[in-house]
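The following exercises concern one protein chain. Please study the sequence and the structure before reading each solution.

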Amino acid sequence: MEGGTMIISVIGAQNTGKTTFISDFLKAFPHFTSPTLDYRDLILTQNLNINREGDWRSQRIIMDFIIEDLKIQKASGKDVIIDRSVIDCYVYSEWLHNYKRNINTNDLRDLYWDALSVIGMYDMFLFFPINMTPDIKIEDDGFRDTDIDY
């Protein structure tokens with residue numbers, strides 16, 4: 001993208017190689033940066049429920065963080081690659097709504113509209129589907145659920 005910031009978001013399920021890809025991408029394209037703080041930092045500082053224990057409060061805080069960070073990255077004037085996006089947050093919230101039943105329909109709708117309001121700020125999404133994942137060792141880093149079926 002000429003004359004402006006390019007924001008790429010790497011999206012998809014846990015344990016699909018997103019973080020590994022971003023690390024390799026940054027080595028290959030050093031003019032790109034990645035945010036120094038990400039949603040993992042937020043999870044730690046706010047003591048948020050994640051994975052199967054996720055809830056409305058956690059999803060609301062994470063969505064607000066992702067949106068605010070997106071605006072900061074866009075204003076930075078730098079080319080940025082980001083781990084996760086509003087799409088990830090919404091899709092996971094949909095899963096919690098459908099399977100855990102701990103996010104109600106109105107709250108889910110609010111997350112949807114919030115995600116939709118900023119989706120145009122991204123220039124590209126790179127989706128890492130589960131079935132296309134190369135053999136990547138699943139690390140228990142306190143964030144990822146290590147149950148491959150989940």
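**Exercise 1.** Is Arg84 buried or exposed?

**Solution.** The structure is a predicted model, in which local features need pLDDT of at least 70, side-chain atom pairs count only at pLDDT 80 or more, and totals for chains, interfaces and linings use all residues. Residues are numbered from 1 along each chain as its sequence is written, and side-chain values use heavy atoms, with hydrogens and water left out. Begin with the terms: buried means under 20% relative accessible area, exposed over 50%, and partly exposed in between (1.4 Å probe, protein chains only). Arg84 has 16% relative accessibility and therefore counts as buried. Next, consider the backbone: the phi of Arg84 is positive, about 90°, although Arg84 is not a glycine.

**Exercise 2.** Determine why Asn47 counts as exposed.

**Solution.** The relative accessibility of Asn47 is 65%, so Asn47 counts as exposed. The phi of Asn47 is near 50°, a positive value in a residue other than glycine.

**Exercise 3.** State the order of the strands in the open sheet.

**Solution.** First, note that strands (E, at least two residues) are DSSP runs, numbered from the N terminus, and that two strands pair if DSSP finds at least two bridges between them. The open sheet has 4 strands in the order S2-S3-S1-S4, with parallel pairing. Strands S2 (32–33) and S4 (124–128) stand at the edges, each with a single partner strand, so one side of each has no neighbour in the sheet. Finally, S2 and S3 pair in the parallel sense over 2 bridges; the bridge partner of Phe32 in S3 is Asp79.
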